[in-house]
Amino acid sequence: AADDTITVGFSQVGAESDWRTANTESMKSTFSEENGYNLIFDDAQQKQENQLTAIRNFIQQEVDYIVLAPVTETGWDTVLQEAKDAGIPVIIVDRMVDVSDDSLYTAWVGSNFKLEGQKAMAWLDAYLEAKGRGDEEINLVDIQGTIGASAQIGRTQGFDDAVEAHDNWTTLAQQSGEFTQAKGQEVMESILKQSGDDIDVVYCENDNEAFGAIDAIEAAGYEVGGEEGQILVMSFDTTNAGLTDTLSGKITLDTECNPLHGPRVQEIIEKLEAGEEVDKQAYVDEEMFAADDTVTSIKVDDADYEVTTITQDIIDGRAY
Amino acid sequence: MKANGMQKKKMTGNGFLLLITIALFAVMYIAGMIIFADKGFAKPQMFLNLFVSNAGLLVIACGLTIVMITGGIDISVGSVTALVCMVLADLMENKGVNTYVAVLVALLIGVAFGVVQGFLVAYLDIQPFIVTLAGMFFGRGMTAIISTDMISIKNELFLKWANFRFYMPFGSTNKKGKFIPAYIPPTVVIAVIVVIIIAVLLKYRKFGRKLYAIGGNRQSALMMGLNVKRTMFQAYVLDGFLAGLGGFLFCLNSCAGFVEQAKGLEMDAISSAVIGGTLLSGGVGTPIGTLFGVLIKGTISSLITTQGTLSSWWVRIILSLLLCFFIVIQSVIASMKKKAK
Amino acid sequence: MEQNVVLEMRDISKNFTGVRALSHVDFTLRKGEIHALMGENGAGKSTLIKVLTGVHEFESGSIHMAGNSNAILNHSPQEAQANGISTVYQEVNLCPNLTVAENLFIGREPRKMGMIDWKQMNERSGKLLESLDIHVPPTQMLEECSIAIQQMIAIARAVDMKCRVLILDEPTSSLDDDEVEKLFVLMRRLRDEGVGIIFVTHFLEQVYAVCDRITVLRNGELVGEYETKDLPRVMLVAKMMGKDFDDLADIKSEHKDKKQGKPEPVIEAKGISHKGTIKPFDITINKGEVIGLTGLLGSGRSELVRAIYGADKAETGTLKVKGKEAKINSPLDAMKLGMAYLPEDRKAEGIIADLSVRENIIIALQAKRGMFHPLSRKEMDEAADKYIKLLQIKTASRETPIKSLSGGNQQKVILGRWLLTNPDYLILDEPTRGIDIGTKTEIQKLVLDLADQGMAVTFISSEVEEMLRTCSRMAVLRDGQKVGELEENELSQSGVMKAIAGGDDK
Amino acid sequence: MNKSKLKKITSARLFLPIVCLIAVLLLNVIKTPDFFNVSIRNGVLYGYIIDVINRASELVILAIGMTLVTAASGGQDISVGAVMAVAAAVCCQILSGGQVSVNEYQNSIIIAVIAALLASALCGAFNGFLVAKLNIQPMVATLILYTAGRGIAQLVTNGQITYIRVDSFKMAGGYIGKCPIPTPIFFAIITVLIVYLILKKTALGLYIESVGINGKAARLVGLNSTMIKFLTYVICGVLAGIAGIVASSRIYSADANNIGLNLEMDAILAVALGGNFLGGGKFSLIGSVIGAYTIQALTTTLYAMNVKADQLPVYKAIVVVIIVTLQSDVFKKYIAGLKAKKSVAVEGGQK
Ligand SMILES: Nc1ncnc2c1ncn2[C@@H]1O[C@H](COP(=O)(O)OP(=O)(O)OP(=O)(O)O)[C@@H](O)[C@H]1O
Ligand SMILES: Nc1ncnc2c1ncn2[C@@H]1O[C@H](COP(=O)(O)OP(=O)(O)OP(=O)(O)O)[C@@H](O)[C@H]1O
Ligand SMILES: [Mg+2]
Ligand SMILES: [Mg+2]
């Protein structure tokens with residue numbers, strides 16, 4: 001039996017958020033013994049150097065596949081070369097890696113953070129248009145993620161590009177909330193004191209920040225929501241709590257960032273085992289959930305994306 | 001007669017803790033080799049990987065050992081490492097600066113931190129923890145100011161250094177029966193040389209002995225006519241230089257610069273030094289001990305990775321439990337020894 | 001400047017916050033003389049020395065060294081050393097984590113090709129120690145040496161440096177007569193080689209044994225400079241204290257007749273031992289009795305009392321306090337049974353440096369009463385004032401940190417601390433170390449008075465004479481073993497000496 | 001007379017920490033004129049200065065514990081941030097009864113709070129045992145919980161963020177009823193008061209200082225150094241627990257990864273800015289409290305000035321260095337020297 005079990009070494013970033021925990025869980029349940037796998041899981045505690053060590057360890061253990069959820073996009077050339085020399089295919093999940101030679105990894109599965117940002121901003125454009133505010137002066141606030149994180153870089157990029165493209169949109173403030181509720185709240189409080197009355201839209205780069213920002217906004221006596229005179233809050237990740245707030249209308253749009261990478265990776269491994277070709281890049285499907293049905297579909301770079309109106313059934317039916 | 005007997009006892013007394021540390025390390029490693037024999041733990045490369053992964057940390061921990069011997073501490077090393085990596089990456093990739101120049105600048109950054117921190121600690125007599133805490137803030141902030149993007153180093157010469165391998169005459173055979181020689185990269189060679197140089201410096205140079213005297217009792221060292229301030233200053237400069245060099249080695253391993261890099265490295269370095277027998281209160285410690293401290297920490301992580309079924313939080317807990325176990329055993333043995341005397 | 005002068009200090013003034021430690025003091029040291037610097041505790045002797053060696057800055061005055069018409073100013077001990085001034089400070093200043101040899105040679109290690117030559121260093125240390133008759137291996141850690149040995153090592157370090165001026169600030173406070181004699185031989189040799197030596201001590205015999213001239217300070221002011229032969233002992237004492245005083249008066253006889261008949265044992269120890277240091281011993285200490293512990297350096301006197309007090313836990317034996325079996329696991333247990341212990345190493349085990357005089361005085365009583373029964377501020381102030389007055393502690397105020405008191409005054413504070421707890425049994429380990437003669441006599445009187453009031457006292461001192469003046473009985477120790485007891489009628493200088501040395505008589 | 005009074009004030013121990021705090025606050029008046037404006041908005045006090053006082057609450061509570069630990073053991077407890085997370089996790093997990101998000105308590109709040117404080121006391125006791133009984137250096141001993149603590153917290157919450165969406169739970173971090181003052185401020189004040197009273201009404205303060213200055217001497221005068229050190233760590237643990245509960249109430253959830261993150265460093269900094277020596281011994285509780293407010297004032301100031309969060313540490317570092325330099329003895333001496341020279345020059349001129 002030992003011969004047909006496939007050994008997979010998985011180097012995970014850590015357990016720094018709910019999202020990550022769901023991601024780990026997805027991997028663990030996919031590569032279980034029942035499914036014919038032997039998973040060697042390593043938690044890097046948010047340190048790239050630990051991941052380098054772990055991969056070298058996997059190589060010594062002569063695993064069949066290495067799955068890597070990189071802490072950073074950079075700095076993988078050397079160790080991936082070692083894996084290649086040892087003949088072990090590497091599958092990257094979540095963040096992309098930035099390597100000089102594409103052949104160093106076999107495939108990538110993950111989210112397109114920039115696209116997430118673009119989608120969200122495209123929705124905002126359509127939403128304001130639909131509300132008849134397309135030509136109004138709109139003031140935006142961006143509560144960024146932890147500076148330097150891939151998700152922050154991509155989502156901020158999407159935000160900046162859209163503001164750039166609209167003459168009537170202005171960025172009032174752009175501060176990092178470090179992906180946490182407490183920081184998000186603290187930063188929002190400070191921003192509200194400076195320009196509370198002018199803010200139209202708050203773009204939070206994850207749900208936790210959105211919760212903090214909403215608390216700060218409400219504590220300062222403003223209302224959140226999509227109507228004129230209210231402060232519109234947008235968010236990412238679609239965690240259970242985030243969608244609950246979307247349902248209650250506090251968050252007007254929540255863009256998904258899908259953590260369930262396990263099945264996708266399994267697909268790739270099965271193909272490889274069968275000697276088939278695999279796609280180099282595989283994006284996971286990511287939806288958008290809005291509080292109301294003002295906008296039901298948007299277009300980014302000529303591709304259409306559907307916007308779902310949130311219901312309790314959807315929340316209950318989700319795995320995370 | 002009596003004097004002779006005493007002499008013998010004292011000689012072992014000095015290196016006793018180090019011996020214990022080394023013995024514990026050996027026991028742990030051999031146990032790992034037996035338990036995880038089928039998972040490649042017994043391969044020589046697995047052992048060398050301890051050095052490969054920790055070359056930068058080793059150099060940095062040596063620097064910390066120096067300041068800890070004087071009774072000080074330096075918690076800025078993680079930030080300095082991040083800054084060094086970022087500067088290297090930024091200079092070579094964005095500014096197109098010559099590789100050698102970039103490395104030189106990086107090393108100078110370490111020295112600059114050493115000079116400023118050393119001045120504040122030695123001449124203005126400000127508490128080292130606070131000075132280097134400020135240094136830690138400063139380094140991390142500066143890294144963000146240089147760039148918040150991740151920068152991959154693609155400089156050819158730099159990558160050549162990073163990918164260079166010294167192959168060993170020994171090695172292991174893989175599943176398919178192919179012989180694979182063990183290797184080490186240049187970083188390991190540099191780190192080991194640094195350890196040796198520092199060991200000699202501390203044992204056989206006036207400067208080194210002054211460090212111990214200052215750590216033992218600063219007031220006494222002053223009264224005995226040692227130039228306490230200058231020596232302390234030099235200790236911090238050397239520590240800064242080693243932090244810079246360590247950062248460079250670290251960068252050779254990761255080939256990238258980004259804000260979050262090497263976070264918490266200072267704690268790894270401090271705990272390595274302490275496991276290796278360095279006292280935070282000063283006056284005691286050797287680079288060789290620190291070397292074993294680094295190896296022990298590396299082995300603990302390596303054991304956990306090899307085991308490979310723990311969930312994220314259990315990794316943290318087990319990691320610190322092993323650390324705890326280790327520190328407690330050390331302390332218990334040390335106090336038993338004291339009692340026996 | 002005179003031809004044969006090596007050092008001249010003129011008009012030196014120094015203030016500490018709230019204290020004028022030196023005011024317009026002159027001091028001249030000639031080549032090849034041993035010059036005693038005398039004065040009561042807190043007179044400013046150590047301060048004068050520290051001003052000279054650059055430890056303290058000073059407000060006014062100038063310092064000249066021979067052969068240099070410019071005034072010198074040492075900014076640090078290092079500069080002083082470079083100027084040929086080598087110093088043994090009052091508090092031992094060595095590094096506990098280094099070996100004996102390193103402590104002797106740090107900063108001037110012998111080297112071979114730029115590297116420290118450890119072998120040579122150890123050999124030279126061995127020779128140096130041998131020449132001073134110090135029996136300790138050069139590779140031993142300093143912290144494992146007794147305080148006396150440490151003091152000898154500090155001296156060895158200072159004299160081994162080629163210097164023009166050698167300063168010894170109370171180097172003999174922990175030494176016994178043999179060691180002192182060794183030191184004197186050395187000092188005379190250096191004097192003959194032309195070194196100027198400043199010698200601070202509270203032992204008048206020592207002054208008259210080696211010194212050529214004497215400078216007396218009082219309250220930070222210069223009293224005068226005298227040739228030793230022109231200044232008889234009584235006058236020296238009078239100059240120091242500013243009044244006539246007989247430090248040799250027989251204080252014991254006044255107390256003799258007050259002794260009652262039947263001895264009431266306060267402490268009865270049976271078979272108490274401490275592994276490695278002292279072998280099982282029996283001792284009984286009666287109410288109203290001052291019992292002395294005598295023996296050579298390192299004979300285990302301190303260890304013995306520490307075992308009784310619970311400072312080091314005794315391994316075997318039983319202890320009865322006032323007839324009742326007692327279990328002592330910690331000093332607090334002992335205190336609760338009415339014991340008090342004044343340790344010999346003042347700096348390491350006595351003072352709590354950063355706390356005020358007041359806090360240092362009340363801390364033992366407070367600890368005895370427990371955390372939840374704090375003394376009120378008023379009680380504290382009263383207690384502190386009482387002992388400052390009683391023991392004539394020289395301090396700017398009761399809130400002054402004890403670390404800025406002179407050595408002798410610190411000792412008085414510690415003594416006050418224990419008297420305040422009103423103990424039945426008082427252990428004094430070298431209580432008069434570093435204390436001036438006036439106060440010393442006061443303390444001796446105090447001890448006898450306390451005994452009269454029924455306190456049992458154990459008195460340890462390296463000065464046999466002092467013990468003879470106070471003790472009614474003596475236990476003799478040798479190599480960690482109690483080898484005998486001397487009864488009242490056997491107490492004489494020669495008798496004690498013989499017992500210590502360990503002839504065949506006992 | 002007047003001059004000596006002035007001198008007395010300037011030489012007081014707390015003088016410099018207070019000056020530094022004021023300086024940081026004044027900085028704001030120039031940059032953000034409405035910094036000191038306090039208004040009532042939405043029924044509660046509103047303004048930057050309120051934010052400073054409110055946000056500093058956890059830090060103040062931690063700084064108190066840190067001060068005691070530092071004084072007694074001459075080392076710092078770097079696990080306080082992690083202990084906060086443990087307390088928060090225990091509290092929320094009990095309240096939620098294991099669910100991810102609840103809208104009403106599953107268990108009594110009292111039990112939850114007591115359990116949380118017990119857990120944090122246990123953490124403190126663990127640290128205290130290592131430091132006091134096994135004589136392990138504080139920073140290393142507490143390093144163990146520093147790494148393990150968040151792991152334990154995640155273990156408790158199953159790696160999830162547990163939400164307690166109950167209004168009464170939000171009170172500790174928000175407002176009680178119609179009271180316009182944020183509750184954390186009360187927590188901070190009450191904690192400071194209680195600890196201050198304990199130190200005042202018992203001899204604990206003196207004991208701690210004695211043990212911290214000279215452990216050997218303290219033992220010989222009958223103090224149980226081991227017990228006292230142990231006690232300070234337990235107190236520090238409990239205080240961290242309280243801070244953890246407040247922090248988790250603010251976000252009505254237990255975020256094991258982020259509650260109290262990096263707060264240990266700020267707490268240590270607060271102790272130092274308060275003029276305390278990190279090597280142990282004499283301490284000033286109020287100094288540390290002032291230090292804590294200084295740090296928060298600085299952070300809020302920098303936010304108000306629109307400094308980016310990732311660059312904030314650079315400014316923080318610079319201000320910290322300036323403050324500690326001003327407080328350093330060497331610098332004070334240097335200034336005194338300058339003054340003395342000046343007066344000498346004046347005198348010389350008169351001659
Ligand atoms: N660092 C200091 N700070 C404040 N006052 C001090 C300091 N050092 C000494 N003093 C004070 O200066 C005076 C002189 O002290 P000094 O140590 O010179 O006396 P001494 O003559 O050496 O006495 P002893 O025989 O007890 O050693 C004393 O009143 C003492 O309180
Ligand atoms: N001259 C010496 N040579 C070697 N060891 C010594 C010497 N003097 C003291 N010691 C050490 O000190 C120990 C006993 O010291 P202890 O303090 O009890 O002696 P003591 O009789 O109180 O003398 P004192 O207090 O005058 O030093 C001995 O076991 C020995 O190890
Ligand atoms: Mg003196
Ligand atoms: Mg003794």
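These questions and answers walk through a predicted model.

Visitor: Which chains share the most contacts?
Guide: Five pairs of chains are in contact.

Visitor: Which residues coordinate the magnesium ion, ligand 3?
Guide: The coordinating atoms lie at 1.9 to 2.1 Å. One is an OG atom and one is an OE1 atom, both from chain C. They belong to S46(C) and Q90(C).

Visitor: How many residues apart in sequence are the parts that this pair ties together?
Guide: S46(C) lies in helix 1 (residues 45-52) of chain C. Q90(C) lies in the loop between strand 5 (85-88) and helix 3 (100-105) of that chain. So the pair ties together parts separated in sequence by 44 residues.

Visitor: At the magnesium ion, ligand 4, is E344(C) buried or partly exposed?
Guide: The protein donors here come from S302(C) and E344(C), 1.8 to 2.6 Å from the ion. S302(C) has a relative accessible area of 11%, so S302(C) is buried, under the 20% cut-off. E344(C) has a relative accessible area of 22%. That value lies between 20% and 50%, so E344(C) is partly exposed.

Visitor: Which residue caps the N-terminal end of helix 6 of chain D?
Guide: Helix 6 of chain D covers residues 109-133. A side-chain oxygen lies 3.0 Å from the backbone nitrogen of I110(D). The residue that supplies this oxygen is S108(D).

Visitor: What span does helix 6 of chain D reach, from its first C-alpha to its last?
Guide: This helix has 25 residues. At 1.5 Å a residue, 36 Å is expected. The span in the model is close to that, at 34 Å.

Visitor: What is the relative accessible area of G281(D)?
Guide: G281(D) sits in the loop between helix 13 (263-273) and helix 14 of chain D. Beyond its neighbours within four places in sequence, G281(D) is in contact with A71(D), E209(D), G212(D) and I213(D). G281(D) is buried, and its relative accessible area is 1%.

Visitor: Which residues that line the second largest pocket are the closest to its centre?
Guide: This pocket has a volume of about 1000 Å³. Its lining has 29 residues. Among the elements that give two or more of them are helix 13 (357-369) of chain C and helix 10 (204-213) of chain D. The closest to the centre are R358(C), E359(C), K200(D), E209(D) and K282(D).

Terms used:
Residues numbered from 1 in each chain as written. Chains lettered and ligands numbered in written order. Predicted model: local features only at pLDDT ≥ 70, side-chain atom pairs only at ≥ 80, totals over all residues. Heavy atoms only, no water. Helix = DSSP H or I, 4+ residues; strand = E, 2+ residues; numbered from the N terminus. Expected span 1.5 Å × (residues − 1). Polar contact = N/O pair within 3.5 Å; in protein donor to acceptor, adjacent residues only side chain to side chain. Contact = heavy atoms within 4.5 Å. Donors = N, O, S within 2.8 Å, 3.2 Å for Na, K, Ca; no water. 1 Å grid on protein atoms, 1.4 Å probe; cavity = no way out; pocket = protein on both sides within 12 Å on 5 of 7 lines; lining within 4 Å. Points joined across faces, edges and corners; volume = space filled by probe spheres on them. Buried < 20%, exposed > 50% of the residue type's maximum accessible area, 1.4 Å probe, protein only.
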